[in-house]
Every structure is written in C-alpha cells, then in structure tokens.
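Welcome, and thanks for taking a look at this one. Please load the sequence and structure below and keep them open while you read.

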Amino acid sequence: MLVALALAGGVVALGLRPATGLGTFVSSSTPDYRATMTDARRFGGDAVVVLVREPLQQLVARDLKRVSALEACLAGERLAWDRRLQALLPGAGGPYGGSSGPCAALMRERPATAVYGPGTFLNRAVAAVNGQLLRTGAAARRAVTNAEAAARALARQRGLSPRQMTAAARTAGQLEAQRIVGGLGALALALGADGVPSIDDPAFLDRIVFATAANGSGTVNPRFSYVFPNGAAAVIEVRLRASLSAARESQAIRLIRAAVRMPQFALGSGGSYLVSGEPVLLSDLASLLTRSIAPLLIVAAVVMAAVLALAFGGPLSLLPLALALAGAAIAFGLLELAGGTLTLASLAGVPILIGLAVDYAIQFQSRLRERADAASAARPIAAAALATGAGFVALLLSPVPMVRGFGALLVVGIAVALACTFTVVPAALVLRRPRRSRPIEWLMPSVRGAGELLATPLRFTPSLRSILAGLARRPGRVLVLGLVAAAAGWVLDAHTPVQADVTKLVPAGMPALRNLEALERATGSSGEIDVLVSARDVTARGAVSWMAGYERALLRHFGFAGARGCAAATVCPIVSLPDLVAPASGSSRAAPGPTQGSIDALLSALPSYFSSAVITADRRYAVLAFGIRLMPLAQQRRVVGYMRAHLRPPPGVHASLAGLPVLAADADGALSSPSRRLETVLAGLLAVSFALLVALRSVRRALVPLIPIVLASGWSALVLFATGLPLNPLSATLGALVIAISTEFSVLLAERAREERLSGGSFVEALERAYRSTGRAVLASGATAIAGFAVLLVSSIAMLRDFGLVTVVDLAVSLAGVLITLPAALAVAESAAAAGGFRARAGSVAAREQTQVA
C-alpha cells in the first residue's frame with residue numbers, strides 16, 4: 001500500500017512546476033504587488049528585450065525592413081508593406097517561416113500585449129508625418145479657397161467687373177499657395193525630406209533618430225532613447241501579457257529566441273540579436289531548478305544510504321531511508337494536488353523531510369526492539385514530532401509566500417513521515433525472517449568494518465560516562481557559559497552579512513545572466529521601475545507638471561545627464577508621458593510647463609502606438625518608466641526607498657512604484673531583516689514551548705528539552721558570525737529550522753533519559769544508557785540530515801549551495817549543543833526535583849510533629 005502511495009505521489013509530483021517569480025517572494029496583498037499587477041494589466045508585463053547590436057546608420061539604411069518584419073513576428077502579426085518586401089521576405093503576407101515556425105506559434109498564442117522596436121517606431125513615425133502632411137494639404141486647399149473667396153468678395157464690394165474679380169481671386173489664391181509652399185519647404189528642410197517622407201528615405205529617418213548638436217555632431221535623440229539607447233544598438237521590447245502562467249511565459253521566451261535565430265531576420269555583416277531581460281533570467285533559473293531536482297535527489301539518497309549503512313549495518317538499516325523517500329514523494333504529491341509550486345525553499349526542504357523521517361524510523365525501530373508495546377514506543381516520538389511541527393508553524397507567520405509554503409510543506413511532510421513510520425516499521429519487524437543471504441548483503445560486513453575503522457579514534461577519547469558525569473557535575477556553570485555564548489550569538493546575528501547581490505546568487509556562467517549584463521552595458525540599464533500615476537485625468541496640466549518635475553529631480557539626483565546618457569547614472573529615463581508633451585528629461589533646468597491646450601493638441605496628434613506606451617485610452621492611468629542597473633538588493637532597496645519617499649503628487653493624483661525591482665527590494669527587506677529573523681526565532685520558541693506543554697503535560701518536562709533548544713539557536717548564530725559565512729534571502733528560514741530540528745533531538749533524548757531514570761540506577765547511569773541507545777540514534781539521524789543538506793553543496797545554484805553550507809554548519813552546532821547542554825539541564829531538573837521532594841518530606845515531618853504536640 002505504501003509503495004503504491006509513494007509511486008502515485010511521485011508521479012503526481014512530476015507535475016510540479018518550478019516558480020522563481022517574485023510572486024513567490026512578495027505577498028499579493030502588498031500595495032507594491034497590487035500596483036505592479038495594475039501596471040502590467042494597463043501597460044503590459046515585464047519586457048523581454050531583444051537587443052539589436054548594429055550601428056544605427058547601417059540598421060536604418062540596410063536592415064530596417066528585416067527588423068520590422070521580426071517585430072511583426074514577435075507581435076504575432078502579418079506584415080507586407082509592398083512588393084519589394086514580399087520579394088525580400090517570401091511569405092511576408094503570412095507567418096514568417098511557415099505554419100510550423102515560431103512566428104506561426106506566436107501568432108496563435110499571442111503572448112505579447114505590445115511590441116515596441118525601431119522598425120515599427122519609424123514606420124509609425126513616417127505614417128504620422130505623412131498623415132500630418134495630408135491634413136496640412138487639406139487645410140492648405142481650404143486656405144487657398146478661402147483666400148480666393150475673400151478676394152472675390154472684396155472685389156465685388158469695390159464694384160469691379162467679373163473678369164477683374166476672377167483675376168483678383170486667382171492672385172490671392174496664388175499668394176496663399178506660395179506662402180503655404182514656403183512653410184512646407186521649411187518643414188521639409190527641417191525633416192530632411194526631399195519630397196513626401198518615406199520609410200526608404202535614410203536622410204529623413206536620420207532626422208528622426210538623431211538630434212544634431214550645435215557643433216554639427218549627431219547624437220541619438222534623447223526622447224527616443226527607449227528605442228535607440230545609443231548609436232550602436234536598438235531595442236525591441238516585447239511586453240508580455242500579465243495573465244500568462246509561468247509555463248506559457250517560458251514558452252513565449254523560447255519562441256522569441258527561436259524567432260530571432262530565423263534566417264529571414266538575419267542582420268548584415270557584424271549585426272546580431274541578443275534576447276535578455278529580467279523575465280528571461282527568471283525563466284532560465286526555473287528551468288535550471290527543474291534540471292537540478294533529479295541529480296540532487298539521487299546524490300542525497302546515495303549519501304544518506306551510506307551514512308545509515310555505516311551507522312547501523314544490518315538488513316533493515318536502509319528501511320528508514322526508504323520510508324523517508326516514500327514520505328517525501330507523498331508530501332510533494334500532495335503539494336501538487338493542492339495547487340502548489342516548486343520554489344527554491346521547497347527544494348531545500350527535501351533533505352529536511354528525509355532527515356526527519358529517517359530519525360522517526362530509527363527511533364521507532366530502536367524502541368520497538370526494546371519493548372513490544374508500540375503505543376508507549378510511539379508516544380515520545382509523536383511528542384517530538386508535534387513540537388518540531390510547531391516550530392515550523394512559526395514560518396506560516398512570514399510575509400513571504402515562499403517561506404509560508406516552505407513551512408506548510410514541512411508540517412505536512414512531518415505528518416506523512418510519522419504515519420509511514422508508525423504503519424510500516426512494526427510490519428517490517430514482524431515480517432523479518434532468517435533467510436539466505438542476498439548478493440547485496442555481501443557488502444554489509446565491509447560496511448560494518450568501515451564503520452569500525454571510523455570509530456577507532458573514539459577509543460582514545462574519555463569514556464562516555466566520564467564525559468556525562470563531568471557535564472552533570474557543574475550544570476550551573478555549563479548553562480551559564482552556554483547562555484553567555486548564546487546571548488552573544490543573538491546580538492551578533494544582526495551583524496551577520498547577508499549576500500543580496502543577484503549576480504552572486506545565480507550561477508556565474510549562466511547565459512541569461514551574461515546576456516543581462518551585456519544588455520546593461522549597451523543600454524545603461526537591465527531592469528525597469530515604473531511610477532504608476534492614476535487620477536480622473538492624468539493629462540491635466542497640474543498632473544503633467546508634477547510628473548515632469550519629479551522625473552527631472554529624480555534623474556538629477558541619480559546622476560543622469562542627457563549628454564552622457566546612462567553611462568554614469570544609477571537610474572535612467574525610458575519613456576513617460578512628460579517626455580511626449582514636455583521638454584526632454586535630460587534638460588539641465590526646468591523649462592516652462594506646457595499649457596493644457598498644447599498637451600491636448602499633442603496627445604490628439606500622437607498615434608495610439610506611441611501614446612499607449614505611457615497613457616491609457618481613458619486617460620486615467622499614466623506611467624513614468626525608469627531603467628535601473630544590476631546592483632545588490634540592499635542598494636536597490638535604498639534606490640526604491642528614495643523614489644518612494646519623494647512621491648508627493650498633488651491632490652487628486654495617486655502615484656505608486658511598480659515593477660520587478662520594486663518587488664525584489666520588498667522581498668529582500670522581508671527576508672534579510674535582522675528584526676524579522678529575531679521575530680521568527682521567538683515565534684518558533686513560543687510555538688515549541690506550547691506544543692511541549694500540551695504533549696508532556698508538565699512544565700518541568702517541557703522546560704528541560706527547551707533549554708538546549710534556546711541555547712542552540714544562539715550558538716548557531718555565533719558560529720555563523722565567527723566563520724564569516726554570509727546569509728542569503730533563503731536563509732531567513734534558518735532560525736526556525738534550527739529550533740525545529742534541535743527540538744527533535746532534545747525531546748527524544750530528554751524523554752529517554754527520564755525513562756531510564758525511572759527504571760532505576762544512578763543519574764549518570766541513566767544518562768549513559770539514554771545516550772548509548774537514543775543518543776546513538778539521534779547522532780545517526782542528525783548525521784543523515786546534515787549529509788542531506790551537504791548534498792546542496794553540489795548544486796549549481798549559488799543560493800541553494802550557500803544555504804546548504806550555512807545549514808550544515810548550523811545543524812552540526814545545534815546537534816553538538818543539544819548533546820552537550822542537555823545533561824546539565826537534566827541535572828538542574830534532577831536537583832530541583834530532589835529539593836522539592838526534600839521540602840515535601842520536611843513539610844510532612846513538621847506537620848506530624850505539630851499534630852503530636854497538639
């Protein structure tokens with residue numbers, strides 16, 4: 001039955017999808033998350049960026065049609081400007097590459113809500129200019145007609161003949177036409193067009209792309225820096241739909257990568273495409289996480305099997321591991337059925353679940369061999385499991401969804417492991433019969449021999465009884481020294497470094513990371529922070545003036561200058577509503593604000609392709625988009641904090657920050673905060689204390705195992721600070737993890753020592769028997785859990801690898817701390833019980849004497 005459940009759970013768990021998005025780090029109830037979702041619904045989700053690496057003159061003169069066709073493909077559209085394009089790109093009237101190519105798939109799926117790029121930008125710009133010229137021509141014809149009519153009426157008033165009236169009207173019309181032609185000539189000269197502007201006119205296109213300085217040199221027009229960041233590159237932004245699932249987003253990224261590799265869109269000599277952006281990095285990290293699962297599980301199983309074989313040997317030595325793997329499979333299957341996802345934290349939970357399940361099986365197997373009563377053997381294990389689960393329940397209070405899911409998975413996993421242990425271990429012991437050796441059992445003598453060799457150095461150490469007697473002889477001194485060390489750890493924990501540099505938390509050789517760094521070098525930024533502005537009418541003059549002033553002040557503070565671009569700036573402009581209706585962001589001083597009439601006229605003249613990037617059709621939402629560099633999350637949090645602190649919109653206007661960098665900063669603040677870590681530790685201790693009181697029904701029995709748990713939490717923090725090992729955002733769970741696993745060890749040992757003391761013999765003898773039986777099992781299960789976490793050291797994901805190293809150190813310290821301080825705690829409890837018994841006897845004697853006197 002268990003085998004069937006484990007197989008079913010494993011099969012169901014295969015459907016788990018890895019989640020690395022910031023929705024796993026930030027709660028959906030936070031204002032920043034809601035603002036980010038609103039921003040994505042109104043203006044599109046985070047952009048997948050296709051960097052076009054080619055000099056702009058060459059791009060405009062030679063490859064613009066190919067880039068435009070690529071943009072149409074990415075948008076899921078057909079594009080055929082004219083017959084020349086049809087000849088250049090066969091099949092331009094349908095999906096490029098045929099019905100089985102990536103363009104056809106993008107046409108079917110429509111994952112993008114908008115695509116902004118140089119080809120579409122320049123085509124729409126030419127269309128807008130030509131449209132304006134057509135409107136100007138119609139207005140010119142009306143002006144000529146009006147001039148002729150006015151001249152004819154004036155001639156009639158003067159009493160001129162019909163022939164004279166006609167001549168006067170003709171002359172007036174010619175003069176008006178000459179005036180209009182002169183104006184159009186000046187406009188054509190300003191635009192650099194010899195005739196009607198055309199997408200085939202490089203001179204006209206250069207006038208749009210480049211702004212000529214006073215010295216005659218041409219620089220990229222800062223108003224269009226979001227499309228043309230510099231003279232050697234252009235940017236295609238593919239805004240994905242906010243409603244895409246993680247699987248569909250990954251599929252869209254794969255299709256975009258396939259599309260840019262199509263020969264139809266290949267650039268000329270020296271040109272190339274690069275697909276990047278924060279969604280690409282997160283998607284690739286999820287894929288890497290998926291590929292890492294199977295190797296980590298295999299290595300963990302092999303390592304744990306070796307530890308158990310060395311510790312126990314015998315035919316049933318691997319039964320605890322088999323039960324642990326079955327329990328983990330069932331737990332992850334339940335996670336999939338509950339609609340959960342596979343996060344970095346849940347992957348880190350695999351060795352925890354296996355280690356705890358191994359401990360339950362070892363302890364139960366050992367106790368059943370000593371006593372036939374399964375209920376009495378299971379009682380202390382159930383109490384320890386209840387307290388351990390209570391320690392993990394504290395993680396459910398975390399504001400981080402990933403940590404809450406981690407805690408829920410561990411609580412469910414403990415229940416499943418306990419159920420597997422209590423049902424299978426008794427049956428396995430009953431079914432065990434003497435039988436002929438199997439080939440695999442030939443290895444057991446060698447395994448036991450290896451264990452004896454490893455244990456040889458221990459023969460030269462003092463005996464276990466003398467060590468326990470020494471610890472119990474001066475329990476007060478041991479506990480005071482332990483408390484001082486723990487207090488130092490709690491204080492120094494606030495100064496433990498936290499590694500929050502994203503580039504050091506993912507594999508250094510990860511192609512997506514290298515591409516993101518290349519994007520930053522080319523454009524000056526790799527992420528985007530949006531200021532989402534909402535009002536009854538965001539185009540009102542007061543709202544636009546505030547947005548323009550906020551943008552200028554922000555860029556000035558972060559070192560942006562139009563002449564230098566983003567080379568030395570922390571934050572750069574991308575695109576905003578003021579950029580379309582007000583002076584450019586790079587202006588060194590505030591220019592007079594636009595009038596309401598000019599704002600309305602400019603927005604009415606703008607094609608929706610341009611205006612939809614910064615303002616919604618109902619004019620209730622607008623966005624100011626800023627580029628941000630890759631930086632440590634702590635620095636990113638300061639940037640976001642400054643931007644937030646200076647959001648002071650006028651009455652009737654609401655502004656909030658949105659975007660992945662904002663959510664990343666929020667997540668870092670929640671995960672790496674020392675006060676948050678302290679709150680998690682205190683909540684875990686309170687939960688464990690309550691569970692022990694409920695399970696043991698005695699304050700004294702609950703207090704004894706709790707003392708080593710409290711001290712272990714401080715010791716582990718002290719050792720981490722002393723070794724200089726940095727924490728990372730995943731290490732926010734470490735305090736609760738140390739408490740919960742230390743609880744398991746401490747409760748089992750304390751209860752076993754109590755049982756041995758009640759069975760007779762001296763206090764030290766009882767301790768020795770407890771340590772030789774349960775202590776050996778605790779040591780073996782602790783070593784198994786530590787070995788499971790050590791497996792994370794082979795992971796290519798730096799965050800998991802560092803988490804594994806820190807956890808190995810912490811668990812080793814915690815296990816040692818429990819084994820060292822528990823005898824002192826038991827000795828103090830023994831003395832208190834003896835003193836209480838003496839006072840009780842003395843009180844009884846005194847009462848009898850008073851009765852006799854009376």
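What follows is a short briefing on this model, grouped by topic.

This is a predicted model. The protein has 854 residues, of which 51% count as buried, and it holds 29 helices and ten strands. Among contacts between residues at least 6 apart in sequence, 79% join residues at least 24 apart.

**The sheet with β1, β2, β5 and β6**

- Let us begin with an open sheet of four strands, in the order β2-β5-β1-β6, where the pairing is antiparallel.
- Its edge strands are β2 (112-116) and β6 (272-276), and each of them pairs on one side only.
- On average, neighbouring strands of this sheet are turned by 15 degrees against each other, with direction ignored.
- Strand β1 (residues 47-53) is joined to β6 by five bridges, and the two run antiparallel; here R53 stands opposite S272 of β6.
- Helix α3 (residues 56-74) packs on this sheet, where it touches β1, β2, β5 (233-240) and β6. The direction of α3 makes about 10 degrees with that of β5.

**Strand β5 and its partners**

- How many bridges pair β1 with β5? There are seven, in the antiparallel sense, and V50 stands opposite I236 in β5.
- Strand β2 is joined to β5 by four bridges, again antiparallel. A112 has L240 of β5 as its bridge partner.
- Is β5 largely enclosed or open? Eight of its eight residues are buried, so β5 is largely enclosed by the rest of the structure.
- In a regular strand, side chains alternate between the two faces of the sheet. In β5, A233, V235, E237 and R239 point one way, while A234, I236, V238 and L240 point the other way. Residues of both sets are buried, including the charged E237 and R239.

**The sheet with β7, β8, β9 and β10**

- Another open sheet of four strands has the order β8-β9-β7-β10, and its pairing is antiparallel.
- Strands β8 (571-576) and β10 (653-658) stand at its edges with a single partner strand each, so one side of each is left without a neighbour in the sheet.
- Six bridges pair β7 with β10 in the antiparallel sense, and L532 has S656 of β10 as its bridge partner.
- Helix α19 (residues 541-557) lies across β7, β8, β9 and β10 and runs at about 5 degrees to β9.

**Cavities**

- Rolling a probe the size of a water molecule over the atoms shows where empty space is left. In this model there are six cavities of 30 Å³ or more.
- The second largest cavity has a volume of about 110 Å³.
- Which residues line the second largest cavity? They are F43, Y116, Y226, E237, R239, E528, D530, V575, A613, V623 and A625.
- Strands β5, β7 (527-535) and β9 (621-628) each supply at least two residues of this lining.
- By class, the lining has seven nonpolar residues, four charged ones and no polar ones.
- E237 and R239, which line this cavity, are among the buried residues of β5 that point one way from the strand.

- S746 has its place in helix α27 (residues 734-758). Is S746 buried or exposed? Its relative accessible area is 0%, under the 20% limit, so S746 counts as buried.
- Leaving out residues up to four places away in sequence, S746 touches P705, P708, I709, V818 and L822.
- V411 is found in helix α14 (residues 401-431). With a relative accessible area of 28%, between the limits of 20% and 50%, V411 is partly exposed.
- V411 touches G389, F392 and V393, again leaving out residues up to four places away in sequence.
- L386 is 25 residues from V411 along the chain, and the C-alpha atoms of the two are separated by 9.2 Å.

Notes
Residues numbered from 1 in each chain as written. Predicted model: local features only at pLDDT ≥ 70, side-chain atom pairs only at ≥ 80, totals over all residues. Heavy atoms only, no water. Pairing = 2+ DSSP bridges. Axes fitted to C-alpha atoms, helices over the stretch in contact; angles between N-to-C directions. Contact = heavy atoms within 4.5 Å. 1 Å grid on protein atoms, 1.4 Å probe; cavity = no way out; pocket = protein on both sides within 12 Å on 5 of 7 lines; lining within 4 Å. Points joined across faces, edges and corners; volume = space filled by probe spheres on them. Buried < 20%, exposed > 50% of the residue type's maximum accessible area, 1.4 Å probe, protein only.
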